[in-house]
Structure formats: structure tokens, C-alpha cells
Amino acid sequence: MSLAPLALFLISATAVAYFIGYLRAFKIAKPLGGVRNLAALPTYYASMVSLWALIPGLIVLALWVALDGAVIESLVKASLPEEAKYLPADKLGLVLNQVALVAQGLGDISILGLEYQAAVERQMRLTQLSRDALPLLVGSIAIISLLIGLRSVTAAHNARYSVERLFNIALFLCSCIAILTTVGIVFSVMFESWQFFQLVPLSEFLFGTHWSPQIAIRADQAGASGSFGVLPLIVGTLLISAIALLIAVPVGLLSAIYLSEYASARVRNVVKPALEILAGVPTVVYGFFAALTVAPAIREVGDAARAWGAENGVVWLANLNVSSESALAAGMVMGIMIIPFVSSLSDDVINAVPQSLRDGSYGLGATQSETIKKVIFPAALPGIVGGILLAASRAIGETMIVVMAAGLAANLTVNPLEAVTTVTVQIVTLLVGDQEFDSAKTLAAFALGLFLFLITLALNIVALRVVKKYREQYE
Amino acid sequence: MTERFQTVGNPLLEDPKMRVRNASVFYADKQAIFDVDLDIGKNQVISMIGPSGCGKSTFLRCLNRMNDTIDICRVEGQLELDGQDINDRKIDVVELRARVGMVFQKPNPFPKSIYENVAYGARIHGLTDNKVQLDDLVEQCLQRCGLWKEVKDRLHEPATGLSGGQQQRLCIARAIAVNPEVILMDEPCSALDPIATATVEELIHELSQNFTICIVTHSMQQAARVSERTAYFHLGKLIEVNDTSKVFTNPEHQLTEEYITGRIG
Ligand SMILES: Nc1ncnc2c1ncn2[C@@H]1O[C@H](COP(=O)(O)OP(=O)(O)OP(=O)(O)O)[C@@H](O)[C@H]1O
Ligand SMILES: [Mg+2]
């Protein structure tokens, strides 16, 4: 039996419980002289009863689904033939898997040997038992707890309070899930990175100026002989992000100011959605736009400039060298991509500045631009900074555009006309293809991930600090 | 068509500072002010009284074109400052508002320091040449509003940390720092205790030596204390304008009498 009918049963039990609870609340209210003599409104009693019907059943169901496989497995293990019990852990797992497959009818007993017949039969029996018992168990628990819930529908019991508390717990659990997931990811990344730093010293990783992980997987060389200096990647990431922000911040901010302060309602209704469409374009589209249009255009301009420089004896121009994949191309396109992050958020916060502040400024004879510069902009600054930092972390994390337009060459340079690469791009290239899980090359991806995480974390902390500082000043 | 309402009393003056003829204000299709004729005398204090929602603030905002900032608001009629039409689309509203300053009904200090709030107008209009002059101006304006003693040690703290009454006085200080010719005050004492009110009334008195002042107030005692003339508004119409003493002792119009004796509003 699949879970769907069971879930349906629980939901209908919940609905029925609501109804019964509601009627019951009215019934006990009647002899007392009306609903106002109950400790809570009838809907609260109804919610309470329906939660009683839902939650215990749901918990049992979840526990069963989670533990069922493990319990069956340990029971089956007991019926394995003697020699199988001394197998190493990974082989034993394989055998147990095969037993399960055969029990499901997906294989023949001959792949295991007849001595496994007992185990297979046991597996079949237990699975069947579990299937039959689950609906019975969940159903009876739901009904019993519904009855318990109904019993506490009394005039004195404050159901509103119970519902409120349960609601609280539910909210708390949801936030726990978010936090635990994050913590889990961080820990697993940290663990793998720690393994990486067993192979490559931390100082080499942080201060090395050379990045070429490929060498490390050659069989005749030991793991640590590749170079894992992260500096070129960091510089590349920062260079591209800086170019992107250099474009996105002024354009985004000024268009937000135009939209919220100057544009008529008609213009605003057209331009704002149009800007937000930019955020909906898939990054891979931006990527080939960068690689096929922008990068060649930059290169052509560069070549023309070089030719002109050579003719007119301008030495630095004559030596100009524009590679066909450049940080400039990737950064520019990425800047366009993140404009909506800056503009949309800034627009919202600028609109949130109260009209009375504008009035105050106009009333003193300030022009519109003076009002924007001196009153609206400072008041909206925390939100604007937030938008910019969001855009920055977006830029740092962006991969696709860089893969396509900036290349894979880990050059340590701040020249925007050369090919560079970024942390995220390297993570991708490290993990593409078949990998050994414990090679330094694969583990390096985790170390890079951790590094990236620390950078964005630091960025966020700085952002919060900045925002808080201005909050204190302006509110 | 309904008969045009005729204001009783003396709405018109010889050689006024501001002249309003036939002014009507509409919020979208709803008319809020009906055909007001009124002259505002030079270096006089005129108070506007009337029940809540009768259009006092709306009328006041016509006088420095603050209604421009409300999209749905439309002002018709002739409004003049020193004989110059101010309802003309072409005039420089920024200059107009520097000459006709305003203190709003709700205190709206900028989210800046106390000092910066007062210095704001002076900086924009280049009224001072150096820091010393600016410091002097700020101190002087705060003194006149009776705020100096309370804030002199915290000039560089945020103005939003002041109490409601202090904020209101700060807004007055901010307005007079620009040195306008006409000051429009929309209930400047609504959040003030009697002592601060007395300070502001003294200030109004002092300012009226050189400035023209329009003040909206709900306190008839205040109107009686500070103003030479009083205008009574009712449902968007200007009912009666007379010398303050006359309005409060011997009103001509029945509605005025009902209001000041407490039967309306
Ligand atoms: N922004 C606006 N949009 C639409 N209608 C408005 C607006 N501002 C004011 N009104 C309307 O115009 C009329 C006059 O309002 P106004 O604020 O001038 O009254 P008031 O006399 O200042 O009242 P109060 O003493 O309560 O401040 C009211 O009916 C009000 O509903
Ligand atoms: Mg008002």
C-alpha cells in the first residue's frame, strides 16, 4: 500500500474532527447559556480536535517510514547464513541489497545461493507485515487521539491557548529545519575541506599564486604535488564582481531614483516590469550573449585601438593585448544581469521613505534633486546597501557567464582585458566528469566552497553592520 | 447652479502681502475648497479656524504650492504674492517656497542630526558663508523656538530621538532658519505643553514684526492671543473674516457664532 491513501485518510480525519469538535463545542455551550460562557471560541475547539486527530498519526507515520527499512534490515541480518555474518561492512550491505531485490521479485534466488532462502523469506514476511500494520496503526492512533481531543472540549479548557502554543511549536520547528539544513551543509563542507587540508597545507592554499589542480590526478604523482593556490581565483572573482558592480550600482540606483521620484505612473508601469524581466533571463542566455557578442566586440575594439596605436606611435596602445575571453566581457554582462537586484530593491526602499519627509524638504525650498540627495537617499541608504550587497553576493556566486565568457585560465592578474577564472567556475570544472571521491582534486572543490561561503558570510556581516550603523543614525 | 457663497466680514485689504481670489481646490473630483477670496496683510498674523476636515490645511498648502506634491490635487483661481501670480505653472516653485515657508501639522524632522535639520535650509540657499555663521544661525533659531537649552548638548544626535513637542519646535526652527517672508503654520502647538506653547506664541508675536504669518489652530484662545485677523472655514467655504476681537466677541455669521460658542466642531 502506498502512502497516498493513508495521507488522504489523515486529512479527512482532520476535517471530520474539525466538524465534530465544532458541533461538540456548541453542544456543551448550550446548557451553559451560549458560546460566550466557553473559555474559547468554537472554532478554536474545532481546530484543537482536528490537530489532535492529525498530529499523533502524522508523527507515527513519519517515524514508521523513516525507521521501517532499518528495522527490517537488522532483523533480516539475523537470518543470514553463518558465513555472511562475518563479511566486511560494504560486502554485507551488498548482500542485504540483493536479498531485498530478490524478495521484491526483481531477481532470482540463484544469484545468492539457496542458503539465503531463509533470509529472503523473512524479508518478504516483514515487508508484508509492515505494509499491513502501518494503516491499521496510523488509523487507530488517529481515532484514539481524536477521541482524547474531544474529551478536552470542556467549557473550562482554553482551546485558544492550546492552539496558539501548537502554532508556536510548528513555527519553531520550521525555522529549525532551515537552520539545521544550513548547519548540516556547512559541517559536511567543513569535514571534506579538513580532509583536503590533510593533503594540501592551508598556507599553500591561501597564499599560493598558482592554481593547476589537473597535475594532481596523474597516477605517477602523489596527491599534494598539484598546485592549489587560491589567490588567482580570488583575484579573478573580485575583478569580475567589481566590474559587474561598477555597472550595476550606478545604473540600477539611478534608474530606481528615476522610477520612484521622477517617472509618471505610466512610464513606471512599463519600465519597472521591463527591468524585472532582466532578472528572469536564464544566466546561460546571458552567458552566450557575453561569449558570442560582447567578448568579440571588446576584442575588435581592442584590435582597432592597437592598430591605431601602432600607426600613431602610442606605445602603450600598440602593446595592448585583448584576449578573446576577457574579465571585462563577463563582468559587463554580469553587471547587466544584476541591475534588477539593485534597482528593484532600491526602488522599494525609496518608495518607503514617507511623503512627509519630502514635503518637509520641499517646504523649505529645496529642489527635487536636493531633496533626493540630502533627505531621501540617506533615509533609504540601509535598504540600498542591502540591495547592493545582495547583488554582490549574486555576482560572486555567478558561474555560467564566467564559464562562457571569461575562460578557465587561472591567471593572477587585475587586467580586465585578460582571461581570468573564478572560484565557482573552478568548483564546476573540478567536479565535472568522473572523479575519485578522495583525490585532492575533488576535495579541493569543497575547500573552495568553504572559502566562498566564508567570503559571502563576511560580506553579509559587513552589510548588517553598515545597515545597523545607519539605522541608529537615521531612525 | 447654486448661488456663489459670499464671505461676510472684511476678507479684502489694501496692499496685501498675499491676495487670493476665487480659489477652489479639488481632490480628484471632490471639491475641498469653494471659491475663496481672501487677502493676507503684510506683517500681520491671520489665524484660520474651523472644524476638522473643513479644508484649513488644504487652503494653507495652496499658498506655497505644496498641493503640487499630491497628484490628484488641482488648484484653481488666482493666488498672488506681492502682486505676482503664484499659481502660474511657469513660476519657480522652489523660490516661492523659500519665500513662503511652512511648518506642517505633523512634525516631520529629517532623519539627520538636530543641527543638520536646522542648517538644512541655510545650506541649500547658501545663507551663510562659513561654519561660524552657520553655528550662530542654528543657535539663534533654536533659541527663538525655546529649544536651545534642551538640545544644546546633543546637537549632533538624531532629531528623531526628540519628543513630539520638541520635534515640532525643531520644525519651526528649521522653517525660520530660511528667513522666509511668509510663514504658514499648520497647528504648530498641537503637541506642546502650555510653557512651550507660550514660547511659540511669543515667537509668533516677535516674528510678526517683520514677517507675515498664517496660522491654523484649533485653540480659539490661541487665535485670540496671537492673531490680528481670524478666518472661519466651514465645509470648504470661507464663512467669515474679521478682526480677531470682533470674531470672538461679536461674530457676524451664525455658523461662526455656533463654532466659537462650542455648538459645532
Ligand atoms: N490627499 C488628499 N486626498 C484626498 N482628499 C483629501 C486629501 N487631503 C485632504 N483631503 C480632504 O479634503 C478635506 C479638507 O482636508 P484638510 O486636511 O484641509 O482639513 P483640515 O481643515 O486641515 O482638518 P484638520 O483640522 O483635521 O487638520 C477633507 O475632507 C479631506 O478628506
Ligand atoms: Mg489640517
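**View 1. Asn43(B) lies in a loop of chain B, between strand E3 (30-40) and strand E4 (45-49).** Helices (H or I, at least four residues) and strands (E, at least two) are DSSP runs numbered from the N terminus. This is a predicted model, in which local features need pLDDT of at least 70, side-chain atom pairs count only at pLDDT 80 or more, and totals for chains, interfaces and linings use all residues. Residues are numbered from 1 along each chain as its sequence is written, chains are lettered from A and ligands numbered from 1 in the order in which they are written, and side-chain values use heavy atoms, without hydrogens and water. Phi of Asn43(B) is near 50 degrees, a positive value in a residue other than glycine. Asn43(B) is partly exposed, with a relative accessible area of 32%; buried means under 20%, exposed over 50%, and partly exposed in between (1.4 Å probe, protein chains only). Asn22(B), in strand E2 (residues 18-27) of chain B, also has a positive phi, near 60 degrees. Asn22(B) is partly exposed at 38%.

**View 2. A salt bridge links Lys17(B) and Asp82(B).** The N to O distance is 3.1 Å; a salt bridge is a side-chain nitrogen of Lys or Arg within 4 Å of a carboxyl oxygen of Asp or Glu. Lys17(B) is in the loop between strand E1 (8-9) and E2, and Asp82(B) in the loop between strand E5 (73-81) and strand E6 (84-85), so the pair ties together parts of chain B that are 65 residues apart in sequence. Lys17(B) is buried, at 9% relative accessibility, whereas Asp82(B) is partly exposed at 37%.

**View 3. Asp347(A) and Arg268(A) form a salt bridge in chain A.** The N to O distance is 3.4 Å. Asp347(A) is buried, with a relative accessible area of 0%, and Arg268(A) is partly exposed at 23%. Ser346(A), in helix H11 (residues 327-352) of chain A, is buried, with a relative accessible area of 0%.

**View 4. Helices H3 (residues 114-125) and H6 (residues 164-176) of chain B cross at roughly 30 degrees.** Their axes come within 7 Å; axes are lines fitted to C-alpha atoms, for helices over the stretch in contact, and angles run from 0 to 180 degrees between N-to-C directions. From H3(B), Ile114(B), Asn117(B) and Val118(B) meet Leu170(B), Ala173(B) and Arg174(B) of H6(B).

**View 5. Chain B meets chain A through 24 residues of chain B and 22 residues of chain A.** About 1800 Å² is buried between the two chains, with 62% from carbon and sulfur atoms; buried area is the accessible area (1.4 Å probe) that two parts lose on being put together, summed over both. Pro111(B), Tyr120(B) and Ile124(B) supply 30% of the area that chain B buries against chain A, more than any other three residues. One salt bridge is counted between the chains. Arg61(B) pairs with Asp359(A) in a salt bridge, with the closest N and O atoms 3.8 Å apart.

Key. Contact = heavy atoms within 4.5 Å.
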